[in-house]
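Reader: I would like to learn how to read a few features of a protein model. Could you take me through them step by step?

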Amino acid sequence: MAKPDFYETLGVARDADEKALKSAFRKLAMKYHPDKNPDDTEAERKFKEINEAYEFLKDPQKRAAYDRFGHAAFEQGGPGGMGGGFSGGGGSGGFSDIFEDIFGEMMGGGRGGRRSAGGRERGADLRYNMEISLEESYSGKTAQIRVPTSVTCDLCNGSGAKPGTQPSTCATCGGSGRVRAAQGFFSIERTCPTCHGRGQTITDPCTKCGGQGRVTEERSLSVNIPAGIEDGTRIRLAGEGEAGMRGGPSGDLYIFLSVRPHSVFQREGADLFCTVPISMTTAALGGKFDITTMDGARSRVTVPEGTQPGKELRLRGKGMPVLRSSQFGDLYIRITIETPQKLSKRQRELLMEFQELSSKENSPESAGFFSKMKGFFDTLTD
């Protein structure tokens, strides 16, 4: 009986990419896996077919040969010269890798959970949230933080065994941390249930760490906050995370920074913005006022005659420093105009006199708006 087409077996197009092939294989492998279909010979046959199809199509060279010569490429002495037929193991990236990727958790731990000999696992990464002020973000700082974390046990030097003793090789797995079990027509490798993948067992554990090789302590660390750092920035301190098991390498510590809102300035990238209210007379006649910038200096701001609400005045180089450079952003001053309140009798008289003397040229936008409104009303009444 002729072998089924590999592409039809996986249910993919002949131009399917590696991602599509892997996705199709995962779905079918889960469906027809022998553990999910005990004593089902048809499911076992299907599982073997999809396994064989994926084994060849995922390899670029084998796939090219199959696309050119079909199944003849893999027959003994075939034109493709591949020979050998299906193999469930050998080499990097074989079926055992993809199988473990899919069923690793079900079988006791996937590839990502493997431990090195002696159980020297990498420690976990840690997160520390730090809040700083806008002033500290402007100038930078060196902060001292205290972090509760796991550190290598100084009594057993991370081995987990009582001083004077040593961990022994696991009798179940022979120190590999993995065991094999027969599953139908092939064998499955899984994490050793005795040593949990460490490859060693401890008969006499350390009294200080209980065999873990690490203890919990609070450490003081120095963190450099560079000038110009922004809200949401993450700083990585390599090797300052949790200590690894059995003397394994430490994880990393990640500092997540947040910048407190400022009472005067708002930041957008390297630029700063602030809103300054001025009097009606200053807006009309023009004037000057002083403002304190982030560097602590005072800057004189000139208000042009006839300034309107919402106008932005720009102070170059008075914004935030650009991270790890000598450049600075700008400071933008947004003008609002404050209407006078609680007028005296004389002030009211002067304003009324000014209103009588005003013309359309004094308020062109207002005059233009009401002129448009009048024209719109006239079109409705015609």
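Reader: Where does Arg324 lie?
Author: Arg324 belongs to the loop between strand S14 (312-315) and strand S15 (331-338). Please keep in mind that this is a predicted model.

Reader: Is Arg324 buried or exposed, and what about Lys342?
Author: Exposed means over 50% relative accessible area. Arg324 has 71%, so it counts as exposed. Lys342, with 83%, is exposed as well.

Reader: Now the sheets, please. How do I read the way S14 and S15 pair?
Author: In general, strands of a sheet pair through backbone hydrogen bonds, either parallel or antiparallel. Here S14 and S15 run antiparallel and are joined by 4 bridges. In that pairing, Leu313 stands opposite Ile333 in S15. The faces of S14 are worth a look too: Leu313 and Leu315 are on the covered face, while Glu312 and Arg314 are on the uncovered one.

Reader: Which strands make up the sheet that holds S14 and S15?
Author: It is an open sheet of 4 strands in the order S10-S11-S15-S14, and its pairing is mixed. Strand S10 (266-268) and S14 are the edge strands, each pairing on one side only. On average, neighbouring strands of this sheet are turned by 30 degrees against each other, direction ignored. Strand S11 (residues 271-279) and S15 run parallel, joined by 8 bridges, and Ser279 stands opposite Glu338 in S15.

Reader: How does the sheet of 3 strands read?
Author: That one is open too, with the order S1-S9-S8 and mixed pairing. Strand S1 (126-132) and strand S8 (234-237) each have a single partner strand, so one side of each is left without a neighbour in the sheet. Its neighbouring strands are turned by 25 degrees against each other on average, direction ignored. S1 pairs with strand S9 (residues 253-259) in the parallel sense over 7 bridges, and the bridge partner of Leu126 in S9 is Leu253.

Reader: What volume does the largest pocket have?
Author: The general idea first: rolling a probe the size of a water molecule over the atoms shows where empty space is left. For the largest pocket the volume is about 1,100 Å³. There are 29 lining residues, and the closest to the centre are Met280, Ala284, Phe354, Asn362 and Ser363. Helix H7 (280-285), S15, H8 and helix H9 (364-381) are the elements that give two or more residues to this lining.

Reader: How many residues of that lining are nonpolar, polar and charged?
Author: The lining of the largest pocket divides into 12 nonpolar, 13 polar and 4 charged residues.

Reader: Finally, how many disulfides does the structure hold?
Author: To read this, look for a pair of cysteine sulfur atoms within 2.5 Å. The structure holds 0 disulfides. For Cys153, the nearest cysteine sulfur is that of Cys156, 3.8 Å away, and Cys153 is in no disulfide. Cys153 counts as buried, at 1% relative accessibility. Cys192 is in no disulfide either, and its nearest cysteine sulfur, that of Cys195, is 3.7 Å away. Cys192 is buried, with a relative accessible area of 1%.

Methods. Residues are numbered from 1 along each chain as its sequence is written. This is a predicted model: local features need pLDDT of at least 70, side-chain atom pairs count only at pLDDT 80 or more; totals for chains, interfaces and linings use all residues. Side-chain values use heavy atoms; hydrogens and water are left out. Buried means under 20% relative accessible area, exposed over 50%, partly exposed in between (1.4 Å probe, protein chains only). Two strands pair if DSSP finds at least two bridges between them. Axes are lines fitted to C-alpha atoms, for helices over the stretch in contact, and angles run from 0 to 180 degrees between N-to-C directions. On a 1 Å grid over the protein atoms alone, a cavity is a set of points where a 1.4 Å probe fits but cannot get out, and a pocket is an open set with protein on both sides within 12 Å along at least five of seven lines; lining residues have an atom within 4 Å of a point. Grid points are joined across faces, edges and corners, and a volume is the space filled by probe spheres set on the points. Ala, Val, Leu, Ile, Met, Phe, Trp, Tyr, Cys and Pro count as nonpolar, Asp, Glu, Lys and Arg as charged, and the others, Gly among them, as polar.
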